[in-house]
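I opened this model to look up a pocket, a helix and a residue. My entries follow the structure.

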Amino acid sequence: MIRRPPRSTPLYSSAASDVYKRQENIHRIFVKESFILIFFGGSMLDNYFNYKKYKTDFRTEVVAGVSTFLTMAYIMFLNPVILADGGFDFGGVFTATALATAIACFIAAFYAKTWPVGLAPGMGINAFVAYGVCLGMEYTPAEALGAVLVAGVVFLIISLTPIRAWLINSIPKSLKLGIGAGIGLFLAIIGFEIMGLTADNPVTLVQLGDLSNPLLLLGAGAFISMIVMEKFKIKGNIIIGIIAFSAIAWLTGVGKFNGVVSAPPPMTHLMTFDLGAALSASMVTVIFTLFFIDFFDTAGTLTSVANVS
């Protein structure tokens, strides 16, 4: 004979209670493990980077990292624009720029961990490659990349020996700071040329561009807004100006909107360097110039950053 349970006891109260307790335990474990993961991640990074020694913490480093990214993200767009004028593929340079920047920053973070410096392709040497080597001397992108590779190997050898430290320490501090200012002015004139603010003149070399060009007006507005935001200490002023005035150009039809998310373009210039041409006698001056720019560019930049910090 099957006995019915008393009416005071619900038929499925025990099962429902078990399910509820199981769900509550899963939620509690999930929340607990999330806090453990965050704490462990911060604690692990603290043990590696030794935040307390440098009077900082995990949250401050995250905010500083995001701010640094917003400040230097414009390089991903400007570097392909400059090199595309020299015959390089825009998409391939874009992907290579992002990948090279990420790898360099990871090495700087986990190897040279006491130097909080973001690394990216230089904005001075790329202009020399595009306008000086490819357009001026009429070398192909493959031949230019071969010269860059040789100059990079020479720079690496110098950096791994005490020679670089001796040379940098022998340069007066005022000259090293002046190198940074000179590079900034060099980049400024390139930016004005791309924007259309300045134009070529056979007599005076430089003249004022067409001020009726809407792209020039938008570029000038973006440039002025970046200076104003920098004056007010607004983080990421460069990328904010780029995004804001790009949106204005898209909405007004002056510029073409090509989307936000897409698959990364292939690195078409990967391993396409021409070492045969790079090792020829005619390339010696190009390699020396590339090395010279790279050496003094990094020396001036690091000195300027260290002086500010």
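**Pocket entries**

I sorted the lining of the second largest pocket by class and got 9 nonpolar, 1 polar and 2 charged residues. I note that the model is predicted. For the volume of this second largest pocket I have about 200 Å³.

I then listed the lining residues: Ala127, Phe128, Tyr131, Phe186, Ile189, Ile190, Glu193, Thr198, Ala199, Asp200, Leu205 and Val206. Two or more of the lining residues come from each of helix H5 (125-136), helix H8 (173-195), strand E1 (198-201) and strand E2 (205-208). Which element gives the most to this lining? I found that H8 does, with 4 residues.

**Helix H8**

I checked the length of H8 next. H8 has 23 residues, and the distance from its first C-alpha to its last is 33 Å, close to the 33 Å expected at 1.5 Å a residue. I looked up burial along H8 and noted Lys176, Ile179, Ile183, Ile190 and Met195 as buried. Just after H8, I recorded a positive phi of about 95° at Gly196.

**Thr95**

I located Thr95 in helix H4 (residues 90-110). Is Thr95 buried or exposed? Thr95 counts as buried because its relative accessibility is 15%, and the cut-off for buried is under 20%. Leaving out residues up to four places away in sequence, I found that Thr95 touches Pro264, Pro265 and Met267.

Terms used: Residues numbered from 1 in each chain as written. Predicted model: local features only at pLDDT ≥ 70, side-chain atom pairs only at ≥ 80, totals over all residues. Heavy atoms only, no water. 1 Å grid on protein atoms, 1.4 Å probe; cavity = no way out; pocket = protein on both sides within 12 Å on 5 of 7 lines; lining within 4 Å. Points joined across faces, edges and corners; volume = space filled by probe spheres on them. Nonpolar A, V, L, I, M, F, W, Y, C, P; charged D, E, K, R; others polar. Buried < 20%, exposed > 50% of the residue type's maximum accessible area, 1.4 Å probe, protein only. Contact = heavy atoms within 4.5 Å. Expected span 1.5 Å × (residues − 1).
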